[in-house]
Amino acid sequence: MASWNALSPSIVEYFEGEDFYRCGYCKNESGSRSNGMWAHSLTVQDYQDLIDRGWRRSGKYVYKPVMNQTCCPQYTIRCRPLQFQPSKSHKKVLKKMLKFLAKGEISKGNCGDEPMDSTVEDAVTGDFALINKLDIKCDLKTLSDDLKESLENEEMKKEKHSKKEESNESIHSQAIEEKLGSGEPSHSIKVHTVPKPGKGADLSKPPCRKAKEIRKERKRLKLMQQNPAGEHEGFQAQGQPPSLFPPKAKSNQPKSLEDLIFESLPENASHKLEVRLVPVSFEDPEFKSSFSQSFSLYVKYQMAIHQDPPDECGKTEFTRFLCSSPLEAEYPPNGPECGYGSFHQQYWLDGKIIAVGVIDILPYCVSSVYLYYDPDYSFLSLGVYSALREIAFTRQLQEKTSQLCYYYMGFYIHSCPKMKYKGQYRPSDLLCPETYVWIPIEQCLPSLENSKYCRFNQDPEAVDEGCSKEPDRLQVFHKKAIMPYGVYKKSQKDPSEEASVLQYASLVGQACAERMLLFRS
């Protein structure tokens, strides 16, 4: 993807996390700490690399918890959709939806063992208190003009010199202007990032097995002992080694996730559900025409579920939080048909929107950002249902784009019981906060039972392979010019400036540090 990244760089402003803030999970008044930066624009590859280092976005604000200091460590979690099998509680939610669509049946009460929707907890705002204090010390129009002038100078140099300059210096001025003209973050930004909390099962224990299944297995073992050569009917397939379990008849095969979601409905079905994928762009006619209805749903959700006062869930907040994305839409030939970028997945029931899942489609994953829904339809467990639909959607995208094979669910917080539900979407992995490698969640849980903060990678010799090794190669935009940090630092006398830049480099890693432009005033 570098071929177009060079023409469309990411532009960020980094803010050093110096203070502790109120935690939205444990309610500690000064327990939460994170580093953050304002992203004027991000390429999808840069954001993919950032979330693979523990970052996450909320609107255009991108943050990374200080894992060994924050009160409730937040571990990036991803599900492997290609191996995903819906659990019993997942199937109940899908069947509940089918019954409602087919016959209008409304089930009474939630399944006791299924994750609950986000009706049980207030919006998690503590980790984003830093956003409320943001005061970008640059005028965006001036920044845009300065960068345009810098780019024009680069073009003039190109005419005089050979074309041996590095590709990341040949930046298209129009693309930069569009990024920087998208608006300045203000003091009033309030971010709600509430995954759907649920009843956390004890994930460290193996799943319970029914007595009937155990009896069947014993019977099969007995038959195998009586027929060691595997001659018993059904125990050996042609050309295959003897198998312990006979192959099931086709009719007994467990239904796939897609079978459960897209089961055919009768012609006289009571309701019709349609899921539409809409790019987050006011230039998109479908996004524009549905904006008013989508916004009204957001207000209803925030006020009913999170008890937000009307002045805190206005159109400005909605746009900044869920409609303003730093991600550049990209449509490479080998990518998904819908392209990469930010989208709203709208759930239309009988002609009206009842839920919206905000997602990012990136080179290697679908990343879940937020969900808001009509509280009148809470009985449908829309939090669980939308997650299952997004897993199925990831599988669909992977059919054309083979490397796009993960579903990122945000953060897993083991120390918060209501946030453990994400671990029930198996198989899944947690990101090691020190070496940034993925470890199966089953291997992480015993350590998390003993300590809130854990290094999951058990290899004591393992290090962060993507760490900043050459900070002088970091790209800086300063005083109308793009330059490597090695040049920029020669004009700086403030030692705290160097500490801040080096901290940024260590957090984003060498690859992103060399590609993204770090604005310095």
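**Serine 342 and its surroundings**

Beyond its neighbours within four places in sequence, serine 342 is in contact with Arg57, Pro279, Val280, Ser325, Leu327, Ile359 and Asp360. The model is a predicted one. The chain contains 14 helices and 15 strands, and 52% of its 521 residues count as buried. Among contacts with a separation of 6 or more, 72% are between residues 24 or more positions apart.

- Serine 342 belongs to strand 7, which covers residues 341–349.
- Serine 342 counts as buried because its relative accessible area is 8%, and buried means under 20%.
- The side chain of serine 342 forms a polar contact of 2.7 Å with the side chain of aspartate 360.
- A polar contact of 3.3 Å also links the side chain of serine 342 to that of arginine 57.
- Proline 279, one of the residues in contact with serine 342, is 63 residues away along the chain, yet the two C-alpha atoms are separated by 6.2 Å.

**Serine 290 in helix 9**

- Serine 290 is located in helix 9, which spans residues 285–305.
- Serine 290 has a relative accessibility of 4% and therefore counts as buried.
- Leaving out neighbours within four places in sequence, the contacts of serine 290 are with Gln346, Trp348 and Ile353.
- With glutamine 346, the contact includes a polar one between the two side chains, at 2.9 Å.
- Lysine 352 lies 62 residues from serine 290 in sequence, and the C-alpha atoms of the pair are 9.7 Å apart.

- Seven strands form an open sheet with mixed pairing, in the order 3-4-2-1-15-13-14.
- Its edges are strand 3 (56–58) and strand 14 (481–484), each of which pairs on one side only.
- From one strand to the next, the twist averages 35°.
- Helix 14 (residues 495–515) packs on this sheet and touches strand 1 (11–15), strand 2 (34–41), strand 4 (61–65), strand 13 and strand 15 (517–519).
- The direction of helix 14 makes about 155° with that of strand 1.
- Strand 13 (residues 475–478) pairs with strand 14 in the antiparallel sense, over four bridges.
- Glutamine 475 has proline 484, in strand 14, as its bridge partner.

**Helix 2**

- Helix 2, made up of residues 44–51, is mostly covered, with seven of its eight residues buried.
- The buried residues of helix 2 are Val44, Gln45, Asp46, Tyr47, Gln48, Leu50 and Ile51.

**Cavities**

- Four cavities of 30 Å³ or more are found when the whole structure is searched.
- The second largest cavity has a volume of about 80 Å³.
- Its lining consists of 13 residues, and those nearest the centre of the second largest cavity are Gly54, Met67, Gln74, Leu431 and Pro433.
- Strand 4 and strand 5 (75–79) each contribute at least two residues to the lining of the second largest cavity.

How values were computed
Residues numbered from 1 in each chain as written. Predicted model: local features only at pLDDT ≥ 70, side-chain atom pairs only at ≥ 80, totals over all residues. Heavy atoms only, no water. Pairing = 2+ DSSP bridges. Axes fitted to C-alpha atoms, helices over the stretch in contact; angles between N-to-C directions. Contact = heavy atoms within 4.5 Å. Buried < 20%, exposed > 50% of the residue type's maximum accessible area, 1.4 Å probe, protein only. Polar contact = N/O pair within 3.5 Å; in protein donor to acceptor, adjacent residues only side chain to side chain. 1 Å grid on protein atoms, 1.4 Å probe; cavity = no way out; pocket = protein on both sides within 12 Å on 5 of 7 lines; lining within 4 Å. Points joined across faces, edges and corners; volume = space filled by probe spheres on them.
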